[in-house]
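Have a look at the structure first, then we'll walk through it topic by topic.

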Amino acid sequence: MGSFDDIVGMLRAAGEPTRLRILRLLQHGEFNVTDLTQLLGQSQPRVSRHIKLLADAALIERYQEGSFVFVRASGDAHVQGFLASALSMVAPDDPQFARDAERADQIRARRAELAQGYFDANAVQWDRIRSLHVPEPDVEAAILDALGPGPYDLLLDLGTGTGRILELASDRAERLVGIDTNREMLKCARVRLESAGATKCSVRQGDIYNLPFAEGSAGAVVVHQVLHFLAWPKAALAEAVRVLEPDGHLVVVDFAPHNLEFLREEHAHVRLGFGADEIKGWLAECGLGQTAYRELKANDARENALTVAIWSGKKKGAAAQKWRAAS
């Protein structure tokens, strides 16, 4: 638990009507500051001030995504216990909380509408690629098998896309965070996770080459169908290994080598798959221990069928060398 001063600070920060409303809203998901100004009916400077006080007291977490600032409840278990206890003292049918919840549902519905529009516009492309390899449920089952049961304190999904991996692995970690550069995809991921009630999961915009996490902070990292988009896949793997704790688990999913040039021309694939030994060699250099390898081949003889490849292993106890993009 926190010190005497920490607890007094949290009580002072939470003990104000607007800030208590914010804490209640964040129990059920994350919002950006613009969302909260609409929900609370207050000016942005005033809402930002409340957020600063709550963040200073370590009750919430905030992070930048482009021009937006997003906030969510603290991921610390002790803080979560404190908030659950404090908020449980307010009647579940409190009129103010009920009105806030109704407005929050309206904002989520608008989010879902916008995200669905983006998804619909791109679904044909994604479906075309998925049709070239084994069914997605088979891939997901193999990912979970490679990941193992956990439980992990923190699981990171790099290049999270729609957030499916976070949803899939939500029972295997206390906290799950997805990283992606595409803000539209992050909107889709937020809608998916909110609809699934995956309250332990969150997403944020970030650079896969420079993750906003300390060295050795994650128990598991998943890199799912991301490397073939990157100019420096080895540097991304080194960064993934860096944030792993000793004996932390890494799972990499991509395509085995293929010759489908249209994926490069029409879908921005930089690499047409990776050889098993190529990824194994990079991971060994970056500090991963012995790497397991598995292939999932399509159950037909199509000339253009893709093979899904999965590499998995644990980080060595010694600190891994960080490879830069220029290496």
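Is C188 buried or exposed? C188 is buried, with a relative accessible area of 9%; buried means under 20% relative accessible area, exposed means over 50%, and partly exposed is in between (1.4 Å probe, protein chains only). Before going on, note that this is a predicted model: local features need pLDDT of at least 70, side-chain atom pairs count only at pLDDT 80 or more, and totals for chains, interfaces and linings use all residues. Residues are numbered from 1 along each chain as its sequence is written, and side-chain values use heavy atoms, with hydrogens and water left out.

**The overall picture**

- The protein chain has 12 helices and 10 strands, where helices (H or I, at least four residues) and strands (E, at least two) are DSSP runs numbered from the N terminus.
- Of its 327 residues, 49% count as buried.
- Take the contacts (heavy atoms within 4.5 Å) between residues at least 6 apart in sequence: 69% of them join residues at least 24 apart.

**Cysteines**

- How many disulfides does a search of the whole structure find? The search finds zero, a disulfide being a pair of cysteine sulfur atoms within 2.5 Å.
- C286 is another buried cysteine, and its relative accessible area is 0%.

**The second largest pocket**

- This pocket holds about 640 Å³ of space.
- Here's how that works: on a 1 Å grid over the protein atoms alone, a pocket is an open set of points where a 1.4 Å probe fits, with protein on both sides within 12 Å along at least five of seven lines. Grid points are joined across faces, edges and corners, and the volume is the space filled by probe spheres set on the points.
- Its lining is made of 29 residues, and a lining residue has an atom within 4 Å of a point.
- Which residues lie nearest its centre? They are R72, Q80, T199, K200 and C201.
- At least two lining residues come from each of β3 (68-73), α5 (77-87), β4 (152-158), β5 (173-180), α9 (183-196) and β6 (201-205). Helix α5 gives the most, with four residues.
- Sorted by class, the lining has 10 nonpolar, nine polar and 10 charged residues. Ala, Val, Leu, Ile, Met, Phe, Trp, Tyr, Cys and Pro count as nonpolar, Asp, Glu, Lys and Arg as charged, and the others, Gly among them, as polar.

**Helix α10, under cover**

- How many of the residues of α10 are buried? The helix is mostly covered, with 11 of its 11 residues buried.
- Among those buried residues are K234, E239 and R242, along with L237 and V241.
- The cover includes β4, β7, β8 and α12 (276-286).

- I165 sits in helix α8 (residues 164-168) and counts as buried at 5% relative accessibility. Leaving aside neighbours within four places in sequence, I165 touches I143, D157, V222 and H224. I165 and H224 are 59 residues apart along the chain, yet their C-alpha atoms are separated by 8.2 Å.
- R62 belongs to strand β2 (residues 60-65) and is partly exposed, at 42% relative accessible area. Beyond its neighbours within four places in sequence, R62 has contacts that include I51, K52, F70 and V71. The C-alpha atoms of R62 and E30, 32 residues apart along the chain, are 9.5 Å from each other.
- N32 is part of strand β1 (residues 31-32) and is buried, with a relative accessible area of 8%. Its side chain reaches the backbone nitrogen of D35 at 2.7 Å.

**Backbone spots to look at**

- The peptide bond from G150 to P151 is cis, with omega near -5°. You'll find P151 in the loop between α7 (136-147) and β4.
- Q225 isn't a glycine, but its phi is positive, near 50°. Look for Q225 in the loop between β7 (218-224) and α10 (233-243), where it is buried at 17% relative accessible area.
- D247 isn't a glycine either, and its phi is positive at about 70°. D247 lies in strand β8 (residues 244-255) and counts as exposed, at 56% relative accessibility.

How values were computed. Polar contact = N/O pair within 3.5 Å; in protein donor to acceptor, adjacent residues only side chain to side chain.
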